[in-house]
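I am opening my notebook to look a few things up, one entry at a time. Come along and keep the picture beside you.

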Amino acid sequence: MKQKIFLLPACIAVLLTACWRDDSLLPSGPQMAYVPYYLSEKNVDKISIDAPKETTDPGKIYASGSFIFQNDINSGIHIIDVSDRSHPQKTAFLNVPLCKELAVKGKYLYTNNYTDMLVFDISDPAKPVLAARVKNTFKSTDQKYPPYNNVYFECPDESKGVVVGWVLKQIESPKCRR
């Protein structure tokens, strides 16, 4: 019985110190830390069809007929003509900010644009046409922290827009740690 009584205060002490935070333990001076980069709220839903561009963060691909659609995470979708299998050609880039997924069914391409679902008519795959936008279909992803643990980072500022990613940089005295 005495052992059980002793264990209770010890457990409480461990739990309390696990929640304790001391900002004096944050580093001062230059430090490698993750810094958020933003997309302004007004630019989140700007969709366009642009000239082909280089792939920067490749994601899923979907083949439909003689075309391949390749997600470029957070940027949009590359449209690639593979009618000549030995010489695939990027024909256009569907600029869709914060696009992470894509699917094709019949003559429609589905993707996300932050929290909205977009449906494009791809009857002419080289020239997709926005057929529908379903607002607030998806829950927004939590970008309050970088996707890593035990790292320093610059605290996000919501007034700058939506955090769309994190980049590792040297900054002066980071104020946040995860």
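**Entry 1: aromatic rings**

Which residues form one aromatic cluster? I looked and found Tyr145, Phe153 and Trp166. A reminder to myself: this is a predicted model.

I then looked up the aromatic pairs, and the structure holds three of them. One of these brings together phenylalanine 153 and tryptophan 166, with ring centres 5.7 Å apart. Their planes stand at 85 degrees, and over 60 counts as edge-to-face, so I wrote this pair down as edge-to-face.

**Entry 2: charges over rings**

Next I looked for charged ends sitting over rings. Lysine 53 has its charged end over the ring of phenylalanine 93, at 4.5 Å from the ring centre. I noted arginine 177 as well, with its charged end over the ring of tyrosine 152 and 5.3 Å from that centre.

**Entry 3: cysteines**

How many disulfides does a search of the whole structure find? My search turned up one. The bond joins cysteine 155 to cysteine 176, with 1.7 Å from S to S. I looked up the torsion about the S-S bond and got about 100 degrees, so this disulfide is right-handed.

I compared accessibility next. Cysteine 155 has a relative accessible area of 32%, so I put it down as partly exposed. Cysteine 176 is at 13%, which means buried, because the limit is under 20%. I looked up cysteine 99 too, and found this residue buried at 0%.

**Entry 4: the second largest pocket**

I moved on to empty space. Rolling a probe the size of a water molecule over the atoms shows where such space is left.

The second largest pocket has a volume of about 230 Å³. I counted 20 residues lining this pocket, and the closest to its centre are Leu98, Lys100, Asn112, Tyr114 and Phe138. Which elements give two or more residues to the lining? I listed strand 7 (102-105), strand 8 (108-113) and strand 12 (162-172). By type, the lining of the second largest pocket divides into 10 nonpolar, seven polar and three charged residues.

Valine 163 and leucine 98 are 65 residues apart in sequence, yet their C-alpha atoms are 10.0 Å apart in space.

Glycine 165 also lies in strand 12. I recorded a relative accessible area of 8% for glycine 165, so this residue is buried. Asparagine 74 is 91 residues away from glycine 165 along the chain, and I noted 8.7 Å between their C-alpha atoms.

Key
Residues are numbered from 1 along each chain as its sequence is written. This is a predicted model: local features need pLDDT of at least 70, side-chain atom pairs count only at pLDDT 80 or more; totals for chains, interfaces and linings use all residues. Side-chain values use heavy atoms; hydrogens and water are left out. On a 1 Å grid over the protein atoms alone, a cavity is a set of points where a 1.4 Å probe fits but cannot get out, and a pocket is an open set with protein on both sides within 12 Å along at least five of seven lines; lining residues have an atom within 4 Å of a point. Grid points are joined across faces, edges and corners, and a volume is the space filled by probe spheres set on the points. Helices (H or I, at least four residues) and strands (E, at least two) are DSSP runs, numbered from the N terminus. Ala, Val, Leu, Ile, Met, Phe, Trp, Tyr, Cys and Pro count as nonpolar, Asp, Glu, Lys and Arg as charged, and the others, Gly among them, as polar. A disulfide is a pair of cysteine sulfur atoms within 2.5 Å. Buried means under 20% relative accessible area, exposed over 50%, partly exposed in between (1.4 Å probe, protein chains only). Rings of Phe, Tyr and Trp (its six-membered ring) pair if their centres lie within 6.5 Å; planes under 30 degrees apart count as stacked, over 60 as edge-to-face and the rest as tilted. A charge sits over a ring if NZ of Lys or CZ of Arg is within 6 Å of the ring centre and within 35 degrees of the ring normal.
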